Amino acid sequence: MRFPLALTVKIARHIIKHKLRKTPKFAMVLQLEPLHTCNLTCTGCGRIREYSTSLKEIVPLEKCLAVAAECDAPMVSVCGGEPLIYPKIEELVDGLLQQGRIVYICTNGLLMRKKLREYLAAIYSPALESQISDLQSQGLITEAEAGAIRQGKTGGRPVIRPSKWLYWNVHIDGLEYTHDLIVEREGVFKEGVEAIKLAKRLGFQVATNATIYRETDVREIEEMFKFFSWLGVDGHTISPGYDYDAAKRDMVQRLGKQPGEFFLTRAMTREKFRYIQNWSGLFTIFGTPVYQEFLAGKRELTCTAWAIPTYNVQGWKAPCYLMTDGHYAGYQEMLDQVDWNKYGVVNGVARDPRCENCMVHCGYDPSGALGTNYQRGDHWKNFKYNFRPRPKPYADGGKVNAYNGFSVGKGHLAEAKGAVKSAPGGNGNGDESKREELVAKIPDPKNS
Ligand code: SF4
Ligand code: SF4
């Protein structure tokens, strides 16, 4: 099966329960942002900019657990910011699992190995020695880290342990060069891969999560999926990036770019996802086939943003993960007070101009599962897709040229340094227009 049986049953029961009760609107996935602090500043991330004045605030643990119970979504995606910075992330994951939820920890991967080592320390016994030396020989932990693991875990706090209800969901937008460029820091791709390898060795379920931008070469995404499939990753989510307000402002103000240079229009999304449909069957893509058809322009769906609500330091965010017209104290209050008919695109006409280019998963993926714009055979199509055997790991994924950036001396900062060095006041190829942009990418050596 593409998605484990127990998890599929849990989600199906949730939908059937609400359909029988005729609940007009209900939550499928809670996007829980316990904080917006992040250790990266990715291009295109509106989150850390929209909430720049509340970056130090966090949602208390008890409140996080209360809002999960309040909206009762079977799945919770713990995101942010970087959720591994949240001081009580272990207690949060533990509490959500105890509530019987499926938990995704959406991370950029930089702190993941630290959390995995803490798990190893918590379960350490001499019987683990051969695994520890194996991990050391593969470069996934250092000698000093192995020593710390042997000391065991102290402090009595929980750790994040493997569970069939838990996924690490690592944000990866391309192979090394592209990903490091998008996250605006070299070495992030490599660390993410090491973390994924370690998590898989320790028996965790791991997914990757990619956003497709205007400049994304979908052939590269295909290569990337081959590589991660070969590493044993359990599934992938993939969503189109579009010019929502906060991200658009960031592109214009901080990078001096026009959103049109970076984000996808609806037509571009369809073109890219039509191509992706040619090979997506080779991999375990999370998301209904109905949503994938929508992305490829083969059908229309209506936005059901209320089914993937977002809760953060300011409350329930409406109308959706991307756009903010207000925050509410309660989920039901948000459902009742927001005029949902104002949003989305219906029959090709945007009800709100800001929705025009949006086809993102948080608006439309649940529509595929909930049967909005139902066409005959849709339920069978979704059922068949999930119950078919999971695609096998891609056998030749190890041949993918994944480390095509800073690992082989071709990082974007190396390129920038080289360009600046080559000629006083110029970039060495007669084109000085990019010099300021390149210089800006070089960290101050005093701070690095
Ligand atoms: S890692 Fe996530 S939250 Fe952090 S800057 Fe990047 S996209 Fe934004
Ligand atoms: S279409 Fe839906 S998910 Fe997309 S921006 Fe509009 S309200 Fe949000």
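Modeller: Helices here are DSSP runs of H or I with at least four residues and strands are E runs of at least two, numbered from the N terminus. This is a predicted model, where local features need pLDDT of at least 70 and side-chain atom pairs count only at pLDDT 80 or more, while totals for chains, interfaces and linings use all residues. Residues are numbered from 1 along each chain as its sequence is written, chains are lettered from A and ligands numbered from 1 in the order in which they are written, and side-chain values use heavy atoms, without hydrogens and water.

Biologist: Thanks! Where does Thr 288 lie?

Modeller: Look between helix H12 (266-279) and helix H13 (289-295): Thr 288 sits there in the loop. Its relative accessibility is 13%, so Thr 288 counts as buried (under 20%; exposed is over 50%, partly exposed in between; 1.4 Å probe, protein chains only). The place you asked for is the loop between H12 and H13.

Biologist: Which backbone nitrogen lies 3.0 Å from a polar atom of the Thr 288 side chain?

Modeller: Beyond four places in sequence, Thr 288 is in contact (heavy atoms within 4.5 Å) with Asp 365, Gly 368, Ala 369 and Asn 382. The nitrogen in question belongs to Tyr 291.

Definitions and conventions:
A polar contact is a pair of N or O atoms within 3.5 Å; within protein, one must be able to donate a hydrogen and the other to accept it, and residues adjacent in sequence count only if both atoms are side-chain atoms.
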